[in-house]
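Work through the exercises below with the model open beside you. Each task is followed by a stepwise solution.

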Amino acid sequence: CKSTMKEQAKSPLVSVLMITYNRANYLEESINSVLHQTYANLEIVVLDDGSTDDTEVVIQKISDERLKYYRIDHIGVISKVRNKSLQLASGEYIAFIDSDDLWQKNKLESQLGFIFQYEIDAIFSNITTFDIHGNTDSLNYSNLTIESTSDQILRRILEKGMAIYVSTLLMNKAVLDQV
């Protein structure tokens, strides 16, 4: 997605929220997939849900002022931890990434391009999953368009088992705060 001059002039801060619990083995690669985005005006808020592994050691090895690390006592309820991370975000837009997920280098730039072009508040994308054996699977939303209605999206969820993976979401924080 090529940026227009208008889009280049508007570069809001994106808060990328990552919650983690005992994922030290995946954490550095996941964080680096965010830090190496083609869109650089971002902060990564890592909220550690009381990990007992080397999570903090991994974080300390990464030297980037955009990385903010917080540790809390273990809650174990993902939605509560995610809500706590949202309170730490200072960006106009919020993106989520699980601590064992990876992003394509242009994820944020591409999604922000669509947000500005179509004047929408939220966007999600296709996903490819992979395991330690190299097996992959994809979930493709190609039949959905910007003009898709809520009914069409709900029908797709019910009929095809479509799920929106949190690591593909990017949304306006003001809308998220309202919800």
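A contact here means heavy atoms within 4.5 Å. The model is predicted: local features need pLDDT of at least 70, side-chain atom pairs count only at pLDDT 80 or more, and totals for chains, interfaces and linings use all residues. Residues are numbered from 1 along each chain as its sequence is written, and side-chain values use heavy atoms, with hydrogens and water left out.

**Exercise 1. Locate the nonpolar cores.**

Step 1. A nonpolar core is a set of buried Ala, Val, Leu, Ile, Met, Phe, Trp, Tyr and Cys residues joined through side-chain atoms within 4.5 Å.

Step 2. The largest core holds 26 residues, and Val14, Val16, Ile31, Ile44, Leu108 and Leu170 touch the most other members.

Step 3. Two or more residues each come from β1 (14-20), α2 (24-35), β2 (42-48), α3 (55-61), β4 (93-96) and α5 (107-118). The most come from α2, which gives five.

Step 4. Look for another core. A second, separate one has ten residues, including Val45, Ile94, Val166 and Leu176.

**Exercise 2. Why does serine 85 count as buried?**

Step 1. Read its accessibility. Serine 85 counts as buried because its relative accessibility is 0%.

Step 2. List its neighbours. Leaving out residues up to four places away in sequence, Ser85 touches Leu17, Ile19, Val45 and Leu47.

**Exercise 3. Which residues line the second largest pocket?**

Step 1. List them: Ile19, Thr20, Tyr21, Arg23, Asp49, His74, Gly76, Val77, Ile78, Val81, Asp98 and Ser99. (On a 1 Å grid over the protein atoms alone, a pocket is an open set of points where a 1.4 Å probe fits, with protein on both sides within 12 Å along at least five of seven lines; lining residues have an atom within 4 Å of a point.)

Step 2. Assign elements. β1 and α4 each supply at least two lining residues.

How values were computed:
Buried means under 20% relative accessible area, exposed over 50%, partly exposed in between (1.4 Å probe, protein chains only). Helices (H or I, at least four residues) and strands (E, at least two) are DSSP runs, numbered from the N terminus.
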